[in-house]
Amino acid sequence: MTEAAFLVLTALVDEPRHGYGIVREVEKLSTGRVRLKVGTLYGVLDRLAADELVTLDREEVQQGRLRRYYRLTDSGATALEAEAVRLAENVRSATDRLSARHRRAITAGGAA
(Lines give C-alpha, C1' and ligand atoms only; values in the text may rest on other atoms or scores of the structure.)
Protein backbone atom coordinates (compact mmCIF):
# COMPACT_ATOMS: atom_id res chain seq x y z
CA MET A 1 0.00 0.00 0.00
CA THR A 2 1.39 3.40 -0.93
CA GLU A 3 1.81 6.10 1.67
CA ALA A 4 -0.81 8.21 -0.11
CA ALA A 5 -3.34 5.36 -0.02
CA PHE A 6 -2.56 4.69 3.66
CA LEU A 7 -3.11 8.35 4.53
CA VAL A 8 -6.31 8.64 2.47
CA LEU A 9 -7.76 5.59 4.20
CA THR A 10 -6.71 7.01 7.56
CA ALA A 11 -8.35 10.34 6.70
CA LEU A 12 -11.64 8.52 6.11
CA VAL A 13 -11.69 6.49 9.35
CA ASP A 14 -13.76 8.92 11.39
CA GLU A 15 -16.13 10.37 8.78
CA PRO A 16 -16.87 10.66 5.05
CA ARG A 17 -15.00 13.51 3.38
CA HIS A 18 -14.98 15.25 0.03
CA GLY A 19 -11.82 15.64 -2.03
CA TYR A 20 -10.56 18.90 -0.54
CA GLY A 21 -11.40 17.65 2.95
CA ILE A 22 -9.31 14.54 2.32
CA VAL A 23 -6.41 16.66 1.06
CA ARG A 24 -6.53 18.82 4.19
CA GLU A 25 -6.82 15.81 6.52
CA VAL A 26 -3.88 14.03 4.84
CA GLU A 27 -1.77 17.16 5.24
CA LYS A 28 -2.78 17.34 8.91
CA LEU A 29 -2.10 13.63 9.53
CA SER A 30 1.35 13.91 7.98
CA THR A 31 2.10 17.19 9.79
CA GLY A 32 2.44 18.92 6.43
CA ARG A 33 4.87 16.41 4.92
CA VAL A 34 2.38 15.03 2.38
CA ARG A 35 0.45 17.47 0.21
CA LEU A 36 -1.70 15.59 -2.28
CA LYS A 37 -2.44 17.21 -5.60
CA VAL A 38 -5.96 16.80 -6.91
CA GLY A 39 -4.90 14.49 -9.75
CA THR A 40 -2.98 12.28 -7.35
CA LEU A 41 -5.87 12.20 -4.89
CA TYR A 42 -8.44 11.10 -7.46
CA GLY A 43 -6.07 8.50 -8.87
CA VAL A 44 -5.68 7.06 -5.36
CA LEU A 45 -9.44 7.23 -4.73
CA ASP A 46 -10.16 5.47 -8.04
CA ARG A 47 -7.78 2.61 -7.13
CA LEU A 48 -9.17 2.35 -3.59
CA ALA A 49 -12.73 2.31 -4.96
CA ALA A 50 -11.82 -0.36 -7.53
CA ASP A 51 -10.45 -2.46 -4.65
CA GLU A 52 -13.66 -1.74 -2.66
CA LEU A 53 -11.70 -0.09 0.15
CA VAL A 54 -13.63 3.18 -0.20
CA THR A 55 -17.00 3.95 -1.70
CA LEU A 56 -18.96 7.01 -2.70
CA ASP A 57 -21.00 8.11 0.31
CA ARG A 58 -22.99 10.95 -1.27
CA GLU A 59 -22.87 13.87 -3.66
CA GLU A 60 -23.81 17.45 -2.76
CA VAL A 61 -23.89 20.65 -4.72
CA GLN A 62 -22.22 23.50 -2.85
CA GLN A 63 -21.66 26.92 -4.41
CA GLY A 64 -22.59 25.48 -7.79
CA ARG A 65 -20.00 22.70 -7.63
CA LEU A 66 -20.55 19.01 -7.13
CA ARG A 67 -18.82 17.56 -4.08
CA ARG A 68 -18.37 13.83 -3.85
CA TYR A 69 -17.99 12.43 -0.36
CA TYR A 70 -16.12 9.18 0.11
CA ARG A 71 -16.25 6.80 3.04
CA LEU A 72 -14.16 3.91 4.26
CA THR A 73 -15.66 0.45 3.74
CA ASP A 74 -15.31 -2.42 6.20
CA SER A 75 -12.79 -3.97 3.81
CA GLY A 76 -10.92 -0.66 3.78
CA ALA A 77 -10.78 -0.59 7.58
CA THR A 78 -9.46 -4.17 7.61
CA ALA A 79 -6.81 -3.34 4.99
CA LEU A 80 -5.79 -0.19 6.86
CA GLU A 81 -5.47 -2.10 10.12
CA ALA A 82 -3.32 -4.79 8.47
CA GLU A 83 -1.07 -2.15 6.93
CA ALA A 84 -0.75 -0.31 10.26
CA VAL A 85 0.33 -3.57 11.93
CA ARG A 86 2.83 -4.26 9.13
CA LEU A 87 4.31 -0.78 9.43
CA ALA A 88 4.51 -1.02 13.22
CA GLU A 89 6.38 -4.33 12.91
CA ASN A 90 8.84 -2.73 10.47
CA VAL A 91 9.38 0.20 12.82
CA ARG A 92 9.94 -2.18 15.73
CA SER A 93 12.52 -4.17 13.73
CA ALA A 94 14.39 -1.04 12.68
CA THR A 95 14.31 0.41 16.20
CA ASP A 96 15.55 -2.85 17.74
CA ARG A 97 18.44 -3.05 15.27
CA LEU A 98 19.38 0.59 15.77
CA SER A 99 19.34 0.15 19.55
CA ALA A 100 21.59 -2.93 19.25
CA ARG A 101 23.95 -1.00 16.99
CA HIS A 102 24.10 1.83 19.48
CA ARG A 103 24.82 -0.61 22.36
CA ARG A 104 27.62 -2.25 20.35
CA ALA A 105 29.15 1.16 19.61
CA ILE A 106 29.10 2.10 23.30
CA THR A 107 30.61 -1.26 24.31
CA ALA A 108 33.33 -0.94 21.68
CA GLY A 109 33.99 2.65 22.69
CA GLY A 110 33.57 3.84 19.13
CA ALA A 111 31.14 5.84 17.11
CA ALA A 112 28.24 4.20 15.36
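How are α1 and α4 oriented to each other? In this predicted model, the axes of helix α1 (residues 3-11) and helix α4 (residues 74-108) come within 10 Å and cross at roughly 125°. Angles of 65 to 115 degrees count as roughly perpendicular and those over 145 as roughly antiparallel, and α1 and α4 are therefore oblique to each other. The crossing of these two helices, α1 and α4, is left-handed. On the α1 side the contact is made by F6, L9 and T10, and on the α4 side by G76, L80, E83, A84 and L87. When the residues in the contact of α1 with α4 are sorted by class, five are nonpolar, two are polar and one is charged.

With residues up to four places away in sequence left out of the count, V8 touches I22, V26, L36, L41, V44, L45 and L48. In soluble globular proteins, nonpolar side chains tend to be buried together.

Helix α2 (residues 19-29) also holds R24, which counts as partly exposed because its relative accessibility is 47%, a value that lies between the 20% and 50% cut-offs. The C-alpha atom of R24 is separated by 9.0 Å from that of A11, a residue 13 positions away along the chain.

Technical notes. Residues are numbered from 1 along each chain as its sequence is written. This is a predicted model: local features need pLDDT of at least 70, side-chain atom pairs count only at pLDDT 80 or more; totals for chains, interfaces and linings use all residues. Side-chain values use heavy atoms; hydrogens and water are left out. Axes are lines fitted to C-alpha atoms, for helices over the stretch in contact, and angles run from 0 to 180 degrees between N-to-C directions. Helices (H or I, at least four residues) and strands (E, at least two) are DSSP runs, numbered from the N terminus. Angles under 35 degrees count as roughly parallel, over 145 as roughly antiparallel, 65 to 115 as roughly perpendicular and the rest as oblique. A crossing is left-handed if the near helix is turned anticlockwise from the far one by less than a right angle, and right-handed if clockwise. Contact means heavy atoms within 4.5 Å. Ala, Val, Leu, Ile, Met, Phe, Trp, Tyr, Cys and Pro count as nonpolar, Asp, Glu, Lys and Arg as charged, and the others, Gly among them, as polar. Buried means under 20% relative accessible area, exposed over 50%, partly exposed in between (1.4 Å probe, protein chains only).
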